[in-house]
Amino acid sequence: MTMATMNDALAAARGNRRKLGRDLAGLFVILALAVVGYLLFPNNLALLTRMTAIALLVLSLDLVTGYCGVATLGHAALFGTGAYTAGIAAVHFGITDPLLMLACGILGGVVAGLLCGAVILRAHGLPQLVLSIALIHLFHEFANKASSWTGGSDGLAGIAPDPLLGLFAFDLWGRTAYVFGIVLLAVVFALLRLVVRSPFGMLCRGIKEDPIRIRAMGASPKVTLIKMYMISGAVAGAGGALNAISTQVVGLDSLSFTLSAESLVMLVLGGTGSLFGALTGTIVFMFFEDIVSAANPFHWLTMVGALLIAVVLFAPKGLYGTIAAVAARWQEARR
Amino acid sequence: MSAIFEVRNLKRSFGGLAVTNDVSLAMAPGDRVALIGPNGAGKTTFVNLVTGNLTPDSGEVRIGGEDITRVNAIGRVRRGLVRSFQVTRLFQDMTPAEHVALAILQRDGRAGRLFGNYLAMPEVMAEVGDLIGKLGLRDQMHRRVREIAYGQQRLLEIAVALALKPRVLLLDEPAAGVPQSDTGRIEQALADLPPDLAVLMIEHDMDLVFRFARRVIVLAAGTIIFDGSPSDATKDPRVREAYLGSYANAGHAA
């Protein structure tokens, strides 16, 4: 082995170790926050579980928007389809094992991802955004009309999941659902860290920056993006299933334009193109929303708006993105 | 030697204007051909037709004897017809190592893998290091593209193209925009291209053309007006009239 090759190998190994360290740090932060949340808000675990489900939706959105540059305001279609699939499986087909319900939700999300991807990726820019809005309205209206399956505007009730692994019943305080959600989020986060660093993740980043260059390398941007949409669907579907399992009801709001737009706001707040950013945005937005809506029920939306304007103006890379950029500059200066 | 790359009677019009008019050429492995012509001669249209980014009105494009006229741009790359761009098209937030690794993984059909990291693939890293080293980019290989000089970005364009192991390489003005002080490194990279690779270079820098090419094709108004050796090109009256002008009169290559 030549000296240059050895140096390259050493640099590669250092890079790998650094990334593994960040993965482990990310998992540690998720688990630490989960414990802190459990201790600080033992009577509000339902909110924390809802936050976990929405974090999965925002992570899913980050995959297509942050990593691939696809503009969408209809991503709740994947989340809601996952929620309804898990709920329908339980109510109409008697599939009440939570892990099987989760699998159904993931499958539903993948199919919705394939469908949405095939439509949305036919356009770019503003037309793409319009297509995504049209899709979320179509999904919403379909769920509303198919009321014999979905419960329509009354919501799909009567979901009664079995105890998790046959041991842990879903209790009134939401402890089982909370732990289930946190473990699910940690597993998904770890898997996504691997995916975004994989050759496929690199390809997606390339497509976001220059699809023509990617075509000139012999890769198909469209096939790649549809694949990413399906992965994104699996993640959002898992979030939807978690929501169905934990709340034991699925409403039309899970397939709403509002939820789609809010998830995009959370992503921008935290910082696009980073899994840490997606998590940060979800936590900050949902906590802020919870606190200010309790403190001032009349003007809380104004405060949320003010926070967003402040972040967009003063931290355009999002909260995590800005902190990460400052940390990188500081590290650069130390070298 | 049999042709690795052939263009037969290629035609393309926009409205009533024939931008590529009955163009035919053939290249064997190892050929070093320069395609030159004044602005508006139809060089870019020709490259777009050959690479599958435009559809010809008639004519054929063949690589290794296979008719690829109906094959899309991606399929042509997979068959070994690779291009570089006149204006650098690189991913600003990626490193040169990532660019080359991605091209290698794509060539080997592994770019769609959901798990694994090129840094942990010794055979990929060895090839990345080899290619980057040959083009003199080793010190920059783990820096972001936005942080490296433009001349080095042009070299990276060539590295990415070579990583795809092309049979035919179309170089679109590889020295465009590069400061005079850095063109030597580009010329060296061109001189070091694999000997069995057929290279068609579009270039306005006549010094570079005459040092690189063993054959020159001159395009004017969408038609080939000259196909021969560089020294003959400077003597041809049609070429002088259409393009070379003062360069030939100055006697650089004569």
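The axes of helix 4 (residues 98–120) and helix 10 (residues 221–247) of chain A come within 6 Å and cross at roughly 140 degrees. The model is predicted, so every value here is computed from it.

User: Why is helix 4 of chain A called oblique to helix 10 of chain A?

Analyst: Roughly antiparallel takes an angle over 145 degrees, and roughly perpendicular runs from 65 to 115. The crossing here is roughly 140 degrees, so helix 4 of chain A counts as oblique to helix 10 of chain A.

User: Which hand does the crossing of helix 4 and helix 10 of chain A have, and what kinds of residues make the contact?

Analyst: Helix 4 of chain A passes helix 10 of chain A in a right-handed crossing. The contact has 16 nonpolar residues and six polar ones, with no charged residues.

User: What makes helix 7 of chain A roughly antiparallel to helix 10 of chain A?

Analyst: Check the angle: helix 7 (residues 175–197) of chain A crosses helix 10 of chain A at roughly 175 degrees, the axes coming within 10 Å. The cut-off is over 145, so helix 7 of chain A is roughly antiparallel to helix 10 of chain A. On the helix 7 side of chain A, the contact residues include A:F180, A:L184 and A:V188; on the helix 10 side of chain A, A:I231, A:V235 and A:L242 are among them. By class, that contact has ten nonpolar, two polar and no charged residues.

User: And over in chain B, why is helix 5 called roughly parallel to helix 6?

Analyst: Helix 5 (residues 150–163) and helix 6 (residues 183–191) of chain B pack at about 10 degrees, axes 10 Å apart. Anything under 35 degrees counts, so helix 5 of chain B is roughly parallel to helix 6 of chain B. B:G151, B:R154, B:L155 and B:I158 of helix 5 meet B:R185, B:I186, B:A189 and B:L190 of helix 6. That set splits into five nonpolar, one polar and two charged residues.

User: How do you know that A:R205 forms a salt bridge with B:E98?

Analyst: The closest N and O atoms of A:R205 and B:E98 are 3.3 Å apart, and the limit is within 4 Å, so the pair qualifies.

User: What makes B:R8 and B:E60 a salt bridge, and where do they sit?

Analyst: Same test: 3.4 Å from N to O against a 4 Å limit, so they count. B:R8 is in strand 1 (residues 5–14) and B:E60 in strand 4 (residues 58–63) of chain B, 52 residues apart, so the pair links distant parts of the chain.

User: How many residues are in contact between chain A and chain B, and how much area do they bury?

Analyst: 33 residues of chain A touch 39 of chain B. The two chains bury about 3100 Å² between them, 62% of it on carbon and sulfur atoms. In chain A, A:M202, A:R213 and A:M217 lose the most area to chain B, together 23% of what that side buries.

Methods:
Residues are numbered from 1 along each chain as its sequence is written. Chains are lettered from A and ligands numbered from 1 in the order in which they are written. This is a predicted model: local features need pLDDT of at least 70, side-chain atom pairs count only at pLDDT 80 or more; totals for chains, interfaces and linings use all residues. Side-chain values use heavy atoms; hydrogens and water are left out. Axes are lines fitted to C-alpha atoms, for helices over the stretch in contact, and angles run from 0 to 180 degrees between N-to-C directions. Helices (H or I, at least four residues) and strands (E, at least two) are DSSP runs, numbered from the N terminus. A crossing is left-handed if the near helix is turned anticlockwise from the far one by less than a right angle, and right-handed if clockwise. Ala, Val, Leu, Ile, Met, Phe, Trp, Tyr, Cys and Pro count as nonpolar, Asp, Glu, Lys and Arg as charged, and the others, Gly among them, as polar. Contact means heavy atoms within 4.5 Å. Buried area is the accessible area (1.4 Å probe) that two parts lose on being put together, summed over both. A salt bridge is a side-chain nitrogen of Lys or Arg within 4 Å of a carboxyl oxygen of Asp or Glu.
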